[in-house]
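Please keep the sequence and the structure open while reading.

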Amino acid sequence: MSADLLTGTRFNPEPLRESILRHIHYALARPGGSLVPRELFKPLSLTIRDHLIDGLLKTERRYRESKVKRLGYLSMEFLMGRWLSDNLCNLGLGDQCRAVLAEFGVRLEDVLEVEPDAGLGNGGLGRLAACFLESLATMGMPGFGYGIDYEYGMFKQEIIGGFQREKPDQWKSEGTPFYIERPQEFCTVPMYGRLQSSRDSHGNRRQSWVDSRIVVGVPNDLPVAGYGGDTVNFLRLFTARASEDFDIEIFNRGDYIRAVEQKIASENISRVLYPSDSVLSGKELRLNQEYFLVACALRDILRNYMSTHASFDDLPSNVAIQMNDTHPSLCVAELMRFLVDENLLDWDHAWELTVATLGYTNHTLLPEALEKWPVSLIERVLPRHTEIIFGINHQFLRTVARSWPGDIDRQRRMSIIEEGPEKQVRMANLAIVGSHAINGVSQLHSDLVKTRLVPDFYKLWPERFSNKTNGVAPRRWILKANPGLSALLTRTVGEEWITDLERVHAIEKGAGDPAFREEFRAIKRRNKDKLAREVFNTTAVVIDPQSMFDVHVKRIHEYKRQLLNVMRVIHEYLSVVEDGVEPQMQRSYIFAGKAAPGYWAAKQIIKLINNVAQVVNTDPRVKDRIKVVFVPDYRVSLAEIIMPAADLSQQISTAGMEASGTGNMKLAMNGALTLGTLDGANIEIMQAVGEANIYTFGLTREDVSWYQESRSYNPREIYTKDATVRRVVDCLASNLLCPDEPGLFRWIVDELLDRGDRYFHLADLSSYIEASQRAEKDYREPDVWTAKSILNVARTGFFSSDRTIAEYARDIWNIKPAAPVAQRESDAKEPVRAEVSR
């Protein structure tokens, strides 16, 4: 299709129109008459899918010819957003499709709105994975995602009576037209069963895994186009299906009910993202999910490798496998099982290959987020893996003992198996022991991984540890999400910024140019108008685009401190209604984010935000100078509206607890100024944009560590001495914010004053309010604020995921771009031309 789209330099609409009409005819079984946007979504998507498949096949042929090393990127989440709009952007077909659809009397934007966000992730982890896949394709690198094809995804969030209510996210309701079905490449995954010992012909003891329950993983591919369409990789998603053979056997025994139960249990594995692990059945399902992902991905990757290799000796030279957080840590045991049990390699050689192939990215410093599984559970679900893990641990502890003879405490700390009343497998330790490279995702985070999280491992293998600061895809978060800013950047610095974000540094001089500042402000105003309409349509709350849009959008968690932000809003409100302070400007506090269904405190914080909104927004004394709104069902497509419209970006996690953050990067590169703690990537953003162009406050990581270690933090003392803090806490203790639900927020007061204020809200509140006032002072001077905003855009080129991927590729994966055929031929001729020239 693409070869015919252009005639000379002029767009030829006929092939595109014919393809859409063909899919209307054959996919919808409709004549090409009057169609509404919902009906045109599928034929348009299938038309773009055709184009992607052409690119996918060409890319695979190029990889095969070049004999490239390939990356398998394993993640429980891939928060991809809307596939159609993303691919139109990267293929550069948006304007062409808009013109053709206009002939049908339909706006492209209305068709794009039909597509739901793909429900394959929850938060930053999944969005990072999506950005990485896009950057890999844009840079021409052979990198492929592996995940689970969740039927319902996370959940659809509704707000009823101020409370979060979860509904199934039926994201496949419009079909999945971009899927490429690969049923012939299914994988069989054994679970449960028992071990049976035997001896091979050499007298060596071998373990056989018998009587296992077989689950079948059926893959579907989603094509991932790089910018310009030269490279199209894929995200391979596996759906769990019950084994037909096993079902028939049960049916033949007459146990029909059990047969149905087995089928449901098997297929539940790919039903929902992150089932609650508060009960044993939920824990077991999550373990099943993690192993299902690992088993399917490794079998697929190794099957591809074996199609061109007779032995596994060259596996690390041809395959890199990256574990995105601890969820895929079973890769270590599964790869060993595959090599030792199925291919009869000796243990030491298999271990050497395993370590050289695997890499591990840590994403959290919170102990409760580092997965541990009861040995008894793993033993029941994965009996062979349990034995392998114990074998790995035995050899590893011998290594530790050689390095630190007699240091039993160190062995206990480093062991993969945590001793106690119930033995646990420490999945992070397993991933570290089984990987040749371990990285954090911001400089601060990586330093803390080495000095606080796993210092013993760093002392043992310092060469394995590195930092790879996160990044985000500029095609998604500027080019697509902010077309006004994109056009301004292109006019100012040329199109090269799209694939080399450092080039936007050239707009820095625009900060001192009145005309440039005015154009920049006009773009921001249009983006704010769009967000204001979205907020009204979803919440019926009116926010004034002239007001400062003060934005806090991310997963709801106590360490991310949405509560601290609400306490600031309460302070602002009380200053107006009790002290008679007249707000100097309008301010709209915009919240969005989901709380995990089983996370009671986070869900209560959402309720608090909505109650504060109800009180503030209806109080005539505020005179609409302060507005508070919680926008429900935060997702990628909503973020694409919020990020370009934000004025102030709230990044206020407790110092030392946020690994990196990526929302901070998206907001900054769209011109929002950061109000944040010295945590995660905030520090690197401050270093990039300059201390004058960011507002920082609060305890440092060293302060927090000192309080934690000395146990000297006394929140009640702060409450007693600081009148500002005391008034806000007393408000939470009263029924002012919950007149119809007395005592609803008393638990927060108890957490802050009597249970230690684990996240240091009271220590940071006054400093936070002062930093907020500094931001407000600057915002009241439009030229000052706009100049700072321009400098944020100009100086955030470092935070492109292209830079992050280049570092991974160079330092960990050792993969390189595979150039298109035309470029390879050109490169091959270049030395000849150079010789002639000389």
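## Cavities and a buried arginine

The second largest cavity is lined by Met 80, Trp 83, Asp 86, Asn 87, Asn 90, Arg 127, Ala 130, Glu 134, Pro 223, Val 224, Ala 225 and Arg 476. The model is a predicted one. At least two residues of this lining come from each of helix 3 (83-91), helix 6 (124-138) and strand 11 (213-225). Helix 3 contributes the most, with 4 residues.

In the whole structure, the search finds 5 cavities of 30 Å³ or more. The largest cavity has 13 lining residues, and those nearest its centre are Trp 83, Glu 115, Trp 171, Gly 175 and Thr 176. The table gives volume and lining composition.

| Cavity | Volume | Lining residues by class |
|---|---|---|
| Largest | about 140 Å³ | 9 nonpolar, 3 polar, 1 charged |

Next comes the arginine. Arg 803 is located in helix 33 (residues 801-813). Is Arg 803 buried or exposed? Its relative accessibility is 15%, and buried means under 20%, so Arg 803 counts as buried.

Two polar contacts involve the side chain of Arg 803. A polar atom of this side chain lies 2.9 Å from the backbone oxygen of Thr 469. The side chain of Arg 803 also makes a polar contact with the side chain of Thr 804, at 3.3 Å. Leaving out residues up to four places away in sequence, Arg 803 touches Thr 469, Asn 470 and Phe 798.

How values were computed: Residues numbered from 1 in each chain as written. Predicted model: local features only at pLDDT ≥ 70, side-chain atom pairs only at ≥ 80, totals over all residues. Heavy atoms only, no water. 1 Å grid on protein atoms, 1.4 Å probe; cavity = no way out; pocket = protein on both sides within 12 Å on 5 of 7 lines; lining within 4 Å. Points joined across faces, edges and corners; volume = space filled by probe spheres on them. Nonpolar A, V, L, I, M, F, W, Y, C, P; charged D, E, K, R; others polar. Buried < 20%, exposed > 50% of the residue type's maximum accessible area, 1.4 Å probe, protein only. Polar contact = N/O pair within 3.5 Å; in protein donor to acceptor, adjacent residues only side chain to side chain. Contact = heavy atoms within 4.5 Å.
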